[in-house]
Amino acid sequence: MCTIYKRVSSRRWRLKSSNSMASFYHNELRRALSEQTFGITRYEVAAPVSPHEATAAVTVLEGPCISVTLTGRGYHLSNGQTFEAIEDLLTSVSPKYAQERSNALFAKLQDLQ
């Protein structure tokens, strides 16, 4: 893992705090899920507990709630499966999400005409 620094003056650098790294994963997971609201019922990102990951409870359209964790290696399900994209993870656990995603993409294509 690389170390992250921020510039504090023209010649000085300081190690970024763990809070800024924790907020990166937290914010990225929140952003990714907010873009998927067409195909999920609800989501709640938990308060950061680690600077290296963020976790959310996601309720899919079929009803069950799943736990999604974002790390530097991708999006993870509690069963150990890892995905590079949140769309792939949601498609793997929710056929209704896959259908709603197709519907949303088709609607956007229709708007272009």
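Analyst: Buried means under 20% relative accessible area, exposed means over 50%, and partly exposed lies in between, using a 1.4 Å probe and protein chains only. This is a predicted model, in which local features need pLDDT of at least 70 and side-chain atom pairs count only at pLDDT 80 or more, while totals for chains, interfaces and linings use all residues. Residues are numbered from 1 along each chain as its sequence is written, and side-chain values use heavy atoms, with hydrogens and water left out.

User: How many helices and strands does the protein chain have?

Analyst: Helices (H or I, at least four residues) and strands (E, at least two) are taken as DSSP runs and numbered from the N terminus. Read from that end, the elements follow the order β-β-α-β-β-β-β-β-α-α. The count for the protein chain is three helices and seven strands.

User: Over how many bridges do S4 and strand S5 pair?

Analyst: Two strands pair if DSSP finds at least two bridges between them. S4 and S5 form a hairpin with four residues between them, and glycine 63 in the turn has a positive phi of about 120 degrees. One of the facing positions is alanine 54, which stands opposite leucine 70 in S5. S4 and strand S5 (residues 65-71) run antiparallel to each other, and their pairing extends over seven bridges.

User: In S4, what is the bridge partner of tyrosine 43?

Analyst: Strand S3 (residues 40-45) pairs with strand S4 (residues 53-60) in the antiparallel sense, over five bridges. For tyrosine 43, the bridge partner in S4 is valine 58.

User: Is threonine 69 buried or exposed?

Analyst: Threonine 69 has its place in strand S5. Leaving aside neighbours within four places in sequence, its contacts (heavy atoms within 4.5 Å) are with Glu53, Ala54, Thr55, Gly74, Tyr75 and His76. Because its relative accessible area is 16%, threonine 69 counts as buried.

User: What is the length of the polar contact that joins the side chains of threonine 69 and threonine 55?

Analyst: A polar contact is a pair of N or O atoms within 3.5 Å; within protein, one must be able to donate a hydrogen and the other to accept it, and residues adjacent in sequence count only if both atoms are side-chain atoms. The polar contact between the side chains of threonine 69 and threonine 55 has a length of 3.2 Å.

User: And arginine 73, is that residue buried or exposed?

Analyst: Arginine 73 is found in the loop between S5 and strand S6 (74-77). With a relative accessible area of 76%, arginine 73 is exposed.
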